[in-house]
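These are my notebook entries on one structure, set down in the order in which I looked things up. The sequence and the model come before the entries.

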Amino acid sequence: SLVRMVVAHNTFAAQKAASVALQASWRKVYANSIYDMQIDGTTSFQSLFRVFVTKNRYGNEKDATITTQSLGRMLATRNNFEELKKESIGIQACCRSFSQRQSFLAERNATTTMQSFGRMLGARAELNI
């Protein structure tokens with residue numbers, strides 16, 4: 001019975017060692033799977049965060065670019081408007097000057113004609129008296 005006891009003890013020790021080795025392997029596999037899930041989750045979170053930051057930065061840069069372009073167009077339009085306004089005022093002044101000159105000449109001609117006619121009537125009146 002001593003032999004059986006030694007065999008049973010050796011069998012039990014071998015089974016215990018196998019069980020411990022199996023548990024250690026399972027704990028290693030389980031720990032590695034948890035680690036891999038944590039790595040995947042961290043990588044996904046970092047990726048989403050980078051996407052968020054990039055989209056936010058792009059949006060800000062796009063807004064700044066649009067604002068700058070809008071300001072540039074506004075200034076170009078304003079400068080063009082100021083030039084057109086000055087040119088328009090010059091053309092209006094030239095037209096008013098021409099119109100006033102024509103009115104002045106017509107009035108002067110009418111005055112000269114009336115004066116001439118008045119002198120003629122005066123000269124006729126002196127000759128008839």
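How many aromatic pairs does a search of the whole structure find? I looked this up with the caution that I am reading a predicted model, and the search gave two aromatic pairs. One of them is formed by F45 and F49, which I noted as stacked, with 6.5 Å from centre to centre and 20° between the planes.

Entry on the place of this pair. I asked why F45 and F49 are separated by about one helical turn, and the reason is that they sit four residues apart in helix α1, which covers residues 2-128.

Entry on the fold. I counted the elements of the chain and found one helix and zero strands. The radius of gyration is 55 Å, well over the 14 Å that the globule rule gives for 129 residues, so the chain is more spread out than a compact globule. Along its principal axes, I noted that the C-alpha trace spans about 185 × 10 × 10 Å.

Entry on a glycine in the helix. I located G90 in helix α1, and at 39% relative accessibility I recorded G90 as partly exposed. For a sense of distance along the chain, I compared G90 with T65: the two are 25 residues apart in sequence, and their C-alpha atoms lie 37 Å apart in space.

What share of the 129 residues counts as buried? I found 0%, and I wrote down an accessible surface of about 11900 Å² for the chain, of which 63% belongs to carbon and sulfur atoms.

Entry on charge. I listed 17 positive and 9 negative side chains in the chain, and I noted that the centres of these two sets lie 11 Å apart.

Entry on the cysteines. I looked for disulfides and found that the structure holds zero of them. A disulfide is a covalent bond between the sulfur atoms of two cysteines.

Technical notes:
Residues numbered from 1 in each chain as written. Predicted model: local features only at pLDDT ≥ 70, side-chain atom pairs only at ≥ 80, totals over all residues. Heavy atoms only, no water. Helix = DSSP H or I, 4+ residues; strand = E, 2+ residues; numbered from the N terminus. Rg over C-alpha atoms; globule rule 2.2 N^0.38 Å. Buried < 20%, exposed > 50% of the residue type's maximum accessible area, 1.4 Å probe, protein only. Areas by Shrake-Rupley, 256 points an atom, 1.4 Å probe, with all protein chains shown as cover. Lys, Arg positive; Asp, Glu negative; His and termini not counted. Charge placed at Lys NZ, Arg CZ, Asp CG, Glu CD. Disulfide = S-S within 2.5 Å. Phe/Tyr/Trp six-rings, centres within 6.5 Å; stacked < 30°, edge-to-face > 60°.
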